Amino acid sequence: MEILVCVKRVPDTAENEIVVNSKGSDIERGDLVYSVNEWDNYAVEEAIQIRDNVGGTVTVVTVGDDESEEVLRREMAMGADKGILLSDDLFNGSDGKGIATILKAEIQKGKYDLIMTGALADDGAGQVGGMLAAMLDLPYASLVNKIKIVSDKMIRVGREIEGGNQEINEIDLPCVLSIQTGINEPRYVGIRGIRKVASVEIPVHKAGDLGLDGTVVGASAAKVKKVDYFVPSMGEGAEMLEGSTDEIVDKLIELLKAKGGIK
Amino acid sequence: MAQHIFVCIAHKNGAAEDSAFELAVAAKAIDSGAGVTALVCGDGSELDSACQSVAGAYAEVWKIGNPALAYPNAEAIRCTLLNILPKGAIVLAAHDTLGMDLGPGLSIKLGSAFVPDVVGIEGLDGNDLKLIRQEFGGQVSTHIRCDLTDGAVINIRSGSFQAQDNPVSGTIVDKSKDAGDIQAKRRFMEVVAAEVGDVDITKSDVLVSVGRGIEDQENISIAQELADAIGAVVSCSRPIVDAKWLEKSRQVGTSGKTVKPKVYIALGISGSFQHMGGLKGNPFIVAINKNPKAPIFQAADIGIAQNLLEFVPELTDKIKEMK
Ligand SMILES: Cc1cc2nc3c(=O)[nH]c(=O)nc-3n(C[C@H](O)[C@H](O)[C@H](O)COP(=O)(O)OP(=O)(O)OC[C@H]3O[C@@H](n4cnc5c(N)ncnc54)[C@H](O)[C@@H]3O)c2cc1C
């Protein structure tokens, strides 16, 4: 099975405090720790497991800048066979549809049976997979937390819906799936694994290679534009307990007792 | 010119979901003069009663019945809506697991813009619609401009608008004949219910809930010891279940359990809307998080900006001493 997984390099929100810059044009990116988007990592693990069971290849692709190469290498260290970087200044300012358009152009250069994305990335949008499927006229399932390969023409997928219930579907191949966390346990990638793939060539495809121009990608084509970043004033918020740890502990115990939190 | 807005209605067992009534308000926030039509896909008597349940909130309800729509399969719904919606339509849907499945592809097929997970609507500015979204797990917000020239599909986060009680008596129009031939390359088979665990977190008045900030499986004992000391039960956020450190039945949130405790103590939980969506009944929330800007401090009653791994054992010791 030929599998393509779309991945994205994102700031790690568990590691970073995200702060809006002084102009409100972006977040402060200077000191951020980046990694591969959590959902994408589950998708790559799933792709590797499927390949190991039924054969084939796993290709990871990303739309990004030079630094995005590091997440491709990380996923190749995990076990993906190939990486492709789609990079061009023209891509800057693309909306979700623009990103899907870039990926579609790359996908049409190959022949894939299964295309996966993460269910969601740092912007919380969760849109690229569904858009790609519609552009390619392929069936789509989002929030997939189980995949069973039935034949080379059809698979069975579980979608995680409200309450953690699982909706089972049959879906024809080729198809596009967006992957939910928890579908597997992604393997650990050590420094040594990354070193092994450090010199593997990763092709870079630019707008021209993909037959794309500013009428379909980038800021000029975007119908959805981000105006600014801000932190909303959210009314009161929590009463923050300050002081020494002893003082905070005493105050908290008092509050918990009053609210029936200590039995 | 006033806009016309179509709203996709999610329904279950013959009743519209809460989102249906919130979206009626969201539509008016886009354009108070807009005509608004509810789109209800389904089959049989459940469809009829779902249509009835929204006719009190929408002046016009389009009923779209077909055996292929008996279960809300987004692939089938999309196929139907493409036969029914006019060019340039503005379509609203809930940002739930159905809306996430439906919206992105629908916008592509309609040739329109798509904006997911909208939390606020600032209104029209010429042909642009000004919207508010969040990024990075709710740590920052963004203003968005969406060009409506070719229509748009907009998914709205649940709870962003308050349903209003100004009843109308809507007309139900049967559009089933226009639904067309529904060919879906994805076929619904069954729903498998979430697993039941050994503890029922929905029964406890006091929950000590752990998130990714607990850092290590071994540290769960820190939460368990606090819970034991105060007579609480341990629940958690999703990453803890993904890591297999606790059972799925302990997960609070939209894809986990809905809980209504009196007191909720959140340890190292950032406060994503999917997590907070499972917390109902206005509990007294104590949040302990080392990031003073964590979104959970907006929702909590009491906040403690400390390293939980150091703070919680001290708290537990003091409580034990008292007893
Ligand atoms: C469709 C869908 C459904 C979902 N359903 C759910 C759901 O039901 N429930 C759910 O919880 N999530 C759900 N999620 C995931 C959700 O979006 C978040 O990813 C998740 O809630 C984050 O969990 P968290 O707060 O534990 O982790 P994080 O967001 O990583 O937050 C960890 C927090 O711990 C703090 N921290 C770190 N170390 C320490 C320390 N030593 N001391 C104190 N604080 C520390 C950090 O400052 C941070 O705020 C869903 C997502 C999707 C897409």
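Predicted model: local features only at pLDDT ≥ 70, side-chain atom pairs only at ≥ 80, totals over all residues.
Good morning. I shall begin with the extent of the interface. The size of an interface is often given as the accessible area lost when the parts come together. Between chain A and chain B, that buried area is about 7,300 Å², and carbon and sulfur atoms give 57% of it. Within chain A, the residues that lose the most area to chain B are Lys223(A), Phe230(A) and Lys263(A); together they account for 9% of what that side buries. In terms of residues, 81 from chain A and 82 from chain B take part in the contact.

In one of them, the side chain of Glu17(A) meets that of Lys293(B), with 3.4 Å from N to O.

Which elements of chain A supply the side that touches chain B? Those giving two or more residues include helices H1 (38-54), H4 (128-136) and H6 (245-258) of chain A, and also strands, among them E7 (140-149) and E12 (224-230) of chain A. The element that gives the most is H6(A), with ten residues. Sorted by class, this side of chain A holds 37 nonpolar, 25 charged and 19 polar residues.

Strand E13(A) and strand E18 of chain B, residues 302-304, pair in the parallel sense over two bridges. There, Met240(A) has Gly303(B) as its bridge partner.

Next, the domains of each chain. In chain A, domain 1 covers 2-210 and domain 2 covers 238-263, and their C-alpha centres lie 44 Å apart. In chain B, the assignment gives domain 1 as 5-179 and domain 2 as 201-322; here the C-alpha centres are 34 Å apart.

I close with two details of the backbone. Where in chain A is Pro174(A) placed? This residue is in the loop between E9 and strand E10 (175-179) of chain A. The peptide bond that joins Leu173(A) and Pro174(A) is cis, with omega about -5°. In chain B, Asp117(B) lies in strand E7, residues 113-118. Although Asp117(B) is not a glycine, its phi is positive, at about 50°.

Thank you for your attention.

Terms used. Residues numbered from 1 in each chain as written. Chains lettered and ligands numbered in written order. Heavy atoms only, no water. Contact = heavy atoms within 4.5 Å. Buried area = accessible area lost by both parts, 1.4 Å probe. Salt bridge = Lys/Arg side-chain N within 4 Å of Asp/Glu carboxyl O. Helix = DSSP H or I, 4+ residues; strand = E, 2+ residues; numbered from the N terminus. Nonpolar A, V, L, I, M, F, W, Y, C, P; charged D, E, K, R; others polar. Pairing = 2+ DSSP bridges. Domains from an automatic or database assignment.
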